[in-house]
Amino acid sequence: MTTRQFGAPVQRREDPRLLTGGGRYLDDLGHTAYEAAFVRSPYAHARILEIDTDAAVDVDGVIAIYTHEDLPGAVGEPLPVLIPHPALTAARTGYPLAKGEVNHVGEAVVMVVATNRYVAEDAVDRIVVRYEQLPPVVGIENAREAAHLVHEDAPGNVSAHLVQEVGDVTSAMAGAPHTLTLELDIERSACMPMEGKGVYARWNSDDESLRVYSSTQTSTGVRACVAAKLDLPLAKVECIAPDVGGGFGVKIMHPWPEEVLVPWASRNLDHDVKWTEDRREHFISSAHERGQLQEVTVGFDDEGRMLALDVRFWHDNGAYTPYGIIVPIITATQLLGPYKPGSYRVEFFSLYTNTVLVTPYRGAGRPQGCFAMERTMDAIAAHLGIDRAEVRSRNFIQPDEMPYDHGLMFQDGRPLKYDSGDFPASLAKLKELVGWDDFADYRAQAEAEGRKVGLGIGCYVEGTGVGPYEGGHIQIETNGRVNVATGLTTQGQGHQTSLAQIVADELGVPIENVHVTTGDTRRMAYAVGTFASRAAVMSGNAVALAAKVVRAKALRIAADALEVSPEDLEIEDGVISVKGAPGSSIDLGTIAVMSNPLRYAFDEAAKKATQFAGTFDVEKPPIGDDDEPGLEGQDFYSPTQATFANGMHAAIVETDPVTAEIRILRYCVVHDCGNMINPLIVEGQVHGGVAQGVGGALYERMVYDESGQLLNASFMDFLMPYASEVPFIETDHLETPSPLNPLGIKGAGEAGTIPVTAVIASAIEDAEGFPITSMPISPPELWALRRAHARKDAS
């Protein structure tokens, strides 16, 4: 009997190849390609007065040098605004190569193509660009003051202003027995995938076709953008994502300038061209996230129940807005977490600064929203002297209130309506896991030893599996091999395992027979991409639906051959048999042969499908009017709305009384992503997410000076947690199936990251006894806060 795969902790099938050096990443391709390098702006804001390339032209091995003046037609036009929005009234995007002005350090000005990267870099060093510096706008405060403008035609440095309101916040706030106002700050950070961006393009002048390899989270998106920019028929462009060494959101942005320029140069030069991002380029010319200033006012009753919540925040979107305002929209809506806010009003301003543009980074606006809400929950508890977990419990949406409509518009333009979840049950699990009710005894013991410890908590809800769709295609070969294709891309999530588990169950075949391909437009031309914790929900359900199509066809063909009804058949271990009569059977490989009538035999299996094999009914056409050859099928999954996963984290931290060093002693997670396809993969996603969250809470920040120079643009200066800084993570799971999709699943990719900053802030505040309102926090900053509060207490 075929072992059920869905829900089993199957070891990741892709890992042996990747861990033994068998991966093929972007820079492993194109060894004979020309290579590109870029002259990038050293200034945050400047006019380009002159570009002198004379000295570089003479460098042996230089093939071509391009500035904006060399870019024809759509190639030289501004890059697209991928996600327009009515509130985005002053959208601005950059050019593939800067036209007349640069707006952040690292913006591309000149492209050099040479026989190899070394020659290209040498030529870059010889190019002289003369600039006229302009006043830079750095930081949210300066953007708000608008003494200077990033873009002259964006008044007040405002790209977007959006207000959403449910209920009468003014009246509810006025009638609340208690009100509090918090001013909060989340600093800018960025993701650091092991592999940066990269593009490799091959132009075929014989048939005027283009193949692009990109280290991307959306091969279909890159394909469409390149075709549009190069004015090529879509059918003449292929895009393939090879093995991708991490994405975390930065690679869902497309097209990057290089994704336009490298394919264009390949066509222009009639030669393969490649560019691989180096680490400094990733710091100064890819994307950042997180930076927000927040003002939260909450009204609540004597029991700690919220009656009104009024939030204003200012979001730093960097120099351009190619990905629209998705990040602040997510902050505004996901801020609510598992709570009922009473009346709710949220207003945000998305502001231009002369810094690297902002696009989603794992969590995508949710860590900021969670920080605001969870700091508010702790403030209510402190004000009333009520247990922090109890305050949260009193504000929870209850299971019998699901589905719960907040009355807001989510990032997909659809209602913010939670489909499922049992928040009280999750909190009960978390309290038991961390020992919440016993912590007072632990604290007393630590204090007796001269140690300071604190317990923190954070709750969140995450919209996952946003549409519009994903597809799956399945083909069974004559040897029983099952080929699965889906259009989204893979950056380490284990898709070759989890999607194979789904298909193996649906088809009744051994998982070893199932082979999954992702991110290749030759195999699946229609797809959206990998982001927003959507892969399992979207492609998981798509391949399940496609497998049902193939299963139904296989049973129909087998029923004809065995002269029974399809309902009388079952599939186990790749063999179709009559229920109760296993001797009457036929394997899927043979069904694949029978599904494809042939004129020519290429192997022993194919002989059974030729015209003289006597295996067909002469009264019927070889292929029915409503049928197709081959044992294969395709289907798409398109949901009405997002599914909403949720979770709760708790941490125990110790703060050194002398040095203010912060150490995480325990970290506990309760997570609900509906039915788990593979608990082992879910655990890995949670662990990786927590590790990034720890970085965001205690280490990682982008430090700009007043001139717009990024001061820590290297791994020497940009702090990230090592394994020694990431705590052992204790996990428990709740599975409340989503009613919105056939598999009952919700996403898990960003869950570990979302609440960590809020949890660590809560724990430090509990240890120290004073509010923590700005994150990330370092030992020197905590030490300074101690001194400030000591002086305040003394006065």
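Residues are numbered from 1 along each chain as its sequence is written. In this predicted model, local features need pLDDT of at least 70 and side-chain atom pairs count only at pLDDT 80 or more, while totals for chains, interfaces and linings use all residues; side-chain values use heavy atoms, with hydrogens and water left out.

The chain is divided into three parts by an automatic or database domain assignment. Domain 1 covers 32-134, 197-244 and 251-285. Domain 2 is made up of 387-465 and 640-794. Domain 3 spans 468-637.

An open sheet of seven strands runs in the order S3-S5-S1-S12-S9-S10-S11, and its pairing is mixed. Strand S3 (62-66) and S11 stand at the edges with a single partner strand each, so one side of each has no neighbour in the sheet. Strands here are DSSP runs of E with at least two residues, and helices are runs of H or I with at least four, both numbered from the N terminus. Two strands pair if DSSP finds at least two bridges between them. Neighbouring strands of the sheet are turned by 20° against each other on average, direction ignored. Axes are lines fitted to C-alpha atoms, for helices over the stretch in contact, and angles between N-to-C directions run from 0 to 180 degrees. Strand S1 (residues 34-40) runs parallel to strand S12 (residues 273-276), and two bridges join them. Within this pair, Tyr 34 stands opposite Val 273 of S12. Helix H6 touches strand S10 (209-214) and S11, and its direction makes about 150° with that of S11. Helix H7 (residues 257-269) touches S1, S3, strand S5 (108-114), strand S9 (198-204), S10 and S12. The direction of H7 makes about 30° with that of S9.

Domain 1 also meets domain 3. Their centres, taken over C-alpha atoms, are separated by 41 Å. In the contact, 14 residues of domain 1 meet 17 residues of domain 3. The area buried between the two domains is about 1,100 Å², and carbon and sulfur atoms give 49% of it. Buried area is the accessible area (1.4 Å probe) that two parts lose on being put together, summed over both. Gln 217, Thr 220 and Val 244 supply 42% of the area that domain 1 buries against domain 3, more than any other three residues. The count of salt bridges between these domains is zero. A salt bridge is a side-chain nitrogen of Lys or Arg within 4 Å of a carboxyl oxygen of Asp or Glu. Eight residue pairs, both residues at pLDDT 80 or more, are in polar contact between domain 1 and domain 3. A polar contact is a pair of N or O atoms within 3.5 Å; within protein, one must be able to donate a hydrogen and the other to accept it, and residues adjacent in sequence count only if both atoms are side-chain atoms. On the side of domain 1 that touches domain 3, helix H6 (219-229) and strand S11 (237-240) each supply at least two residues. S11 gives the most to this side, with four residues.

A second open sheet has four strands in the order S18-S26-S27-S28, again with mixed pairing. Neighbouring strands are turned by 15° against each other on average, direction ignored. S18 and strand S26 (residues 643-655) pair in the antiparallel sense over 13 bridges. Val 461 has Asn 646 of S26 as its bridge partner. Helix H19 (residues 756-768) lies across S18, S26 and strand S27 (662-672), running at about 160° to S18.

A cis peptide bond joins Met 402 and Pro 403, with omega about -5°. Pro 403 lies in the loop between helix H11 (388-395) and strand S16 (404-409). Another cis peptide bond joins Met 775 and Pro 776, with omega about 0°. Pro 776 is in the loop between strand S29 (774-775) and helix H20 (779-794). Asn 157, a residue other than glycine, has a positive phi near 60°.

Definitions and conventions
Contact = heavy atoms within 4.5 Å.
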